[in-house]
Amino acid sequence: MSQSLKQPNRLREGGRVDRARTLSFTFNGTRYQGHAGDTLASALLANGVDIVNRSFKYSRPRGIVAAGAEEPNALVQLGSTEAAQVPNVRATQQVLFDGLTAQSTNGWPNVQRDVMSLVGKLGGRFMPPGFYYKTFMAPASMWMTYEKYIRKGAGLGRSPMENDPDSYDHLHQHCDLLVIGAGPAGLSAAQTAARGGARVILCDEQEEMGGSLLDSRELLDHQPAAQWAERVIDELAALDNVTLLARTTANGYHDHHFVTLHERRTEHLGETAPLVDGVRPARSRMHRVRAGQVLLATGAHERPLVYGNNDVPGNLLAGAVSTYIRRYGVVPGNRLVLSTSNDHAYRAALDWDEAGREVVAIVDARQAPDGEWVEQARARGIRIITGSAVLEAKGDKRVSGARVATIDAEAFKVTGQAETLACDTIASSGGYSPVIHLASHTGARPIWNDEILGFVPSLVKGVHAAGSARGIHDLAEGLADGSAAAARALAALDLSAGTLELPQVDARREGATCALYQVPHEKPTLRGPKQFVDLQNDVTAAAIELATREGFESIEHVKRYTAMGFGTDQGKLGNINGMAIAARCLNRTIPEVGTTVFRPNYTPVTFGAIAGRHCRELFDPERYTAMHQWHVEHGAEFEDVGQWKRPWYFPKNVNGKLETLDEAVARECLAVRQGVGVLDASTLGKIDIQGPDAREFLGRVYTNKWAKLAPGRVRYGLMCKDDGMLMDDGTTSCLGENHFLMTTTTGGAAGVMEWLELWHQTEWPELDVTFTSVTDHWATITVTGPEARKLLAEITDIDLDKEQFKFMDWREGKVAEVPARVFRISFTGELAYEINVQANYAMHVWKTLFAHGEKYDLTPYGTETMHVLRAEKGLIIAGQDTDGSVTPEDLGMHWAIGYDKPFPWIGKRALSRPDTRRVDRKQLVGLKPRDPAVVLEEGAQIVLDPDHAIPMPMVGHVTSSYYSAILGHGIALAVVKGGHNRMGETVYLPMVDGQVHEAEIVSNVFYDPKGERQHV
Amino acid sequence: MSNSVAQNVRTFETHPEATVPAESPLAWSYHHSGRPGVSAKSCVVLRERAMLGHMILRGGAIVLDEAVRQVLGVGLPARPNGLTRDESGERSIQWLSPDEWLLIVPGGEEFALEAKLREALGDAHYAIVNVSGGQTLLELEGEKARELLMKSTPYDVHPDAFPVGKGVTTVFAKSNLILRRPDEQRWELVVRRSFADYLYRWLLDAGAEYAIGVEA
């Protein structure tokens, strides 16, 4: 590991870094030093690191191009340990901290010596757009093989293989005005709104707020612009109605002014959040903002010129050169050639000159530039070559020269002899593209503006743009625009804006910009050196030209064919140039070609920030019953039923070994059939129904009759959707003439509640009836088995005499001193009592049952045993034996359908359709495997002729299947075409392993067919 | 224990006469997740007010208002999302939906109160449902209580949007609950029994950075 302590490109003074604080960091295994206030990118440039990555497709060496979110090349993988790995971080956005460890994401085996670059050198002709599709997709079976190596060569970072030690957070925010971007327009906007008293959120993606003011040459109130910014930020920070969020990127603009802001809270401090008072604060936080109005002050991205080999390290954006010099005190080279189409970019040359390094020449595409900064450059004796552009960069791993010639931009021709200027840095500027990404997320198509040679956002209601974000690049105008936009936004909310005295800006004369995107070359685009448009996705001007020749005329198609603007880049640097090239090739104007849309996220967001605290134990709510602690303490295995945790089975320790599921279930089943068992049935949905029309309502939502159910009685009911298919089932008890307690399946509870409300509110509002969920109010304990009466009698004052308290009756009384309603209903086919008590007392009742139950060997059982017992009785589970295509008739439940009820209940009409009357519908039957040891697979397909040629006609499938301990053989429920008329027939179940099981179609009631046991 | 004041509806006294152990919905949570103590650093304090009487009132506002006024001495909240309390602050009525209110009273009062209300309401169209076993009430207090809520609910809890005397049913983490603001200091969360543990764990996790303490 070599060590470089020098920072050859660091200036002695200037910039906003703290030279007294030196930080060391490691990049690709080499240790370097930087200063507090650096980004990883500025520190790398200070150390003279040219190559930071290899390109995605051609594996060409790449250096840092930009200074912000638009950086296409410097994507790094952060993290010194496996757990701390973070992929796809832009070095330009990563603040330097002591000990930072980063690696290039591309390049194999490393960025200096790259195997894939061979492919890149042979390049152009071998890897045209569509190359992967055309070359590797056939034969299709080989793609997986190719892909492995392609991915290895062109990695885009990787996710960590270990648990993330950090935590993440969400914060829901609301405001009147969300201002995105804290540059000149954003600051004046926020100040205007804040002074008016509105709730304001101001966010900015950079480490420091201030935007372009932090590296501007211009003065505000005769002082450096950054000082004005500091004053405004101090004022805003002191106000209660303002939330300032630095290091916070607005990544997605969703519907109804819902904007997600990604705040990086500790990423500037270390790779893992440092402990504060023993608590690790959230590493990053997603602010979920619901804003009244949104103001986009997102500024502009400088557009590079597209010329030959414009990707060789040492080619930078002109503005980035200024930012590195003025903000970080770093000059990214020694000898500069600036290629520009506008005045503003001259600042790069002026800054470079002031930094004491050589400006070789300014190459200006305009014939007669004459703005103020142009004059300043001339006055300093800097050579200005007009009517010209850099055609091509020379060099391999670093720029070594620039070929310059006069051009005719309109005719797209080189008009003069090229001259080669020796230099190590080429800065270019083709103008400025407003950052319209967020406006684009709302679905609004950007509009081309010929005056600023860029797209400006079109804005949906409630969105405003100000300053550079809408093409107003002049500082004074931008400041005024921000303030005015804020006032407009507040007016839309009937709020008043505060008054503001804008700072004084010295007027500066600026000449017009000329339209230049792709620079012409002596050779045609397809033959000349590569001219990169989208550096991140390795899309060249030639690729776009080829795409148009191959017939891709829509810009959306060009994008997909070439990958321009894909991925994390989202077209920040390249899109406009790409459109201009497509327009040239198609002989259209840019607005005619149109634009692609930008999608969220603006820059990558970690999964942690998206997940927030909704992970691990808090991933999903877990619902517990009042007896949960007892279940845990008695070793229950749990099953998820909806969000409920229900005991699945209670394995016992037998001779030092824990029972398996099958062993435990067999024991639990026999206990219920021969003794007594107890089930926590609290999760069943319970709905309290009151009102004079309650009975009528029940008659309309259930298929069966409710008119004569007397208080004290219980009835089983079937509920259909309007298509006649079974939706849910359960028992409903008549508590009083106008008072019922409905039960639903555990998973169906919320759906049934909504269903009742839907029909009541939309179809039958005239019915006087109300529904209230009491699922959580009552705990339900089912005591069942031949010994149930004896056990219950010990702890209740209710008369359990079988003549007094019959099957399908309910009674009130005390159980274990606690007031209870006891329902004599059975899901096991045995004598059964369901005890409802107020949930706070349920644990006491449960424990009392066990205190008395010991002598009866009272056995707790779970959902698996419940399933077996009900299947032995042929009782269905809605959602397991039905799937939304099964009618009550299919289930053989004609007895539960009241066709002659006076009011047409839900589903009645559908049950008279020819399709639902067919006799060959799939109908519920029992299956008894011929081999008693076989337990059929749930979901297994049923055929009538196992020797039929494949594909065999399938006539049904198994819906439930278990081993029945009491019967000593496997049992199954199944749906079979015309099954009700096939009793006694043999069917076959071919399995994946080639075995074919044989089974007999039998009644679905396997045990106690006369149903005597539940009546005892 | 049962009563049929309005003949057609079966009311029910759920509380035993004998002294019987009762468990709040958070009994398991205290056992399993513990109760971080309240310290000088605690910027949020969580307190459960267990075993209260919770009742749902359904019906027309005018009729119910009269009956409630007669029985409790305080009327229904005049506006949607309103919360009113009696003078002692022990009994509250909250608007839940256009024909639905939540009544919270000291535990044990609910059965007698229901009888009185039914008597006052006579033949009117209404429903009263006791849901006391199904929910519990949590209080949050402290300078960071509002920020803790912001981590949890999309509802706007800024004092301008959520003044004292307001209550809403809203999304909270991946569950939902009733959120209300009885006075300047406190927030109240009415949570369903089966979701209580999840919400308790959520509050402890989200509140860790504020040194959340749980008052016994």
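**Sheets, helices and contacts**

Tutor: Start with one pair of residues: B:Arg58 stands opposite B:Glu100 in S7(B). Keep in mind that this is a predicted model.

Student: Okay. Which strands pair there, and in what sense?

Tutor: Strand S4, residues 53–59 of chain B, pairs with strand S7, residues 100–105 of chain B. The sense is antiparallel, over six bridges.

Student: What holds strands of a sheet together in general?

Tutor: Backbone hydrogen bonds pair them, in a parallel or an antiparallel way.

Student: And what sheet do S4 and S7 of chain B belong to?

Tutor: An open sheet of five strands in chain B, in the order S5-S6-S7-S4-S8. Its pairing is antiparallel. The edges are strand S5 (83–85) and strand S8 (126–130) of chain B, and each pairs on one side only. From one strand to the next, the twist averages 20°.

Student: Which helix lies across S4, S6, S7 and S8 of chain B?

Tutor: Helix H2 of chain B, residues 61–72. H2 runs at about 145° to S4(B). Helix H3 of chain B, residues 110–121, packs on the sheet too, touching S4, S7 and S8 of chain B. The direction of H3 makes about 175° with that of S8(B).

Student: Now the six strands in chain B. What is their order?

Tutor: S10-S11-S12-S9-S3-S13, again as an open sheet. Here the pairing is mixed. Strand S10 (166–172) and strand S13 (213–215) of chain B are the edge strands, each pairing on one side only. The twist averages 25° from one strand to the next.

Student: How do S3 and S9 of chain B pair?

Tutor: In the antiparallel sense, over five bridges. S3 covers residues 45–49 of chain B, and S9 covers residues 135–141 of chain B. Within that pair, B:Leu46 stands opposite B:Leu140 in S9(B).

Student: Where does helix H4 of chain B lie?

Tutor: Across S9, S10 and strand S12 (186–192) of chain B. H4 spans residues 145–152 and runs at about 125° to S9(B).

Student: Switching topic. How many residues of chain A are in contact with chain B?

Tutor: 48 residues of chain A are in contact with 52 residues of chain B. On the chain A side, S8(A) gives the largest share, five residues. That side divides into 15 nonpolar, 18 polar and 15 charged residues.

Student: And how is chain A divided into domains?

Tutor: The list includes domain 1 (18–153), domain 3 (304–430) and domain 4 (523–602). Domain 2 is written as two stretches, 168–300 + 435–492.

Student: What separates the centres of domain 3 and domain 4 of chain A?

Tutor: 24 Å, taken over C-alpha atoms. Nine residues of domain 3 of chain A are in contact with eleven of domain 4. The domain 3 side has four nonpolar, three polar and two charged residues.

Student: Last one. At what angle do H5 and H6 of chain A pack?

Tutor: About 30°, with axes 10 Å apart. H5 is residues 184–195 of chain A, and H6 is residues 225–237. Their crossing is left-handed.

Student: Which residues make that contact?

Tutor: From H5(A), A:Leu187, A:Ala190, A:Gln191 and A:Ala194. From H6(A), A:Ala229, A:Val232, A:Glu235 and A:Leu236. By class, that is six nonpolar, one polar and one charged.

Technical notes
Residues numbered from 1 in each chain as written. Chains lettered and ligands numbered in written order. Predicted model: local features only at pLDDT ≥ 70, side-chain atom pairs only at ≥ 80, totals over all residues. Pairing = 2+ DSSP bridges. Helix = DSSP H or I, 4+ residues; strand = E, 2+ residues; numbered from the N terminus. Axes fitted to C-alpha atoms, helices over the stretch in contact; angles between N-to-C directions. Contact = placed C-beta atoms within 7 Å. Domains from an automatic or database assignment. Nonpolar A, V, L, I, M, F, W, Y, C, P; charged D, E, K, R; others polar. Left-handed = near helix turned anticlockwise from the far one by under 90°.
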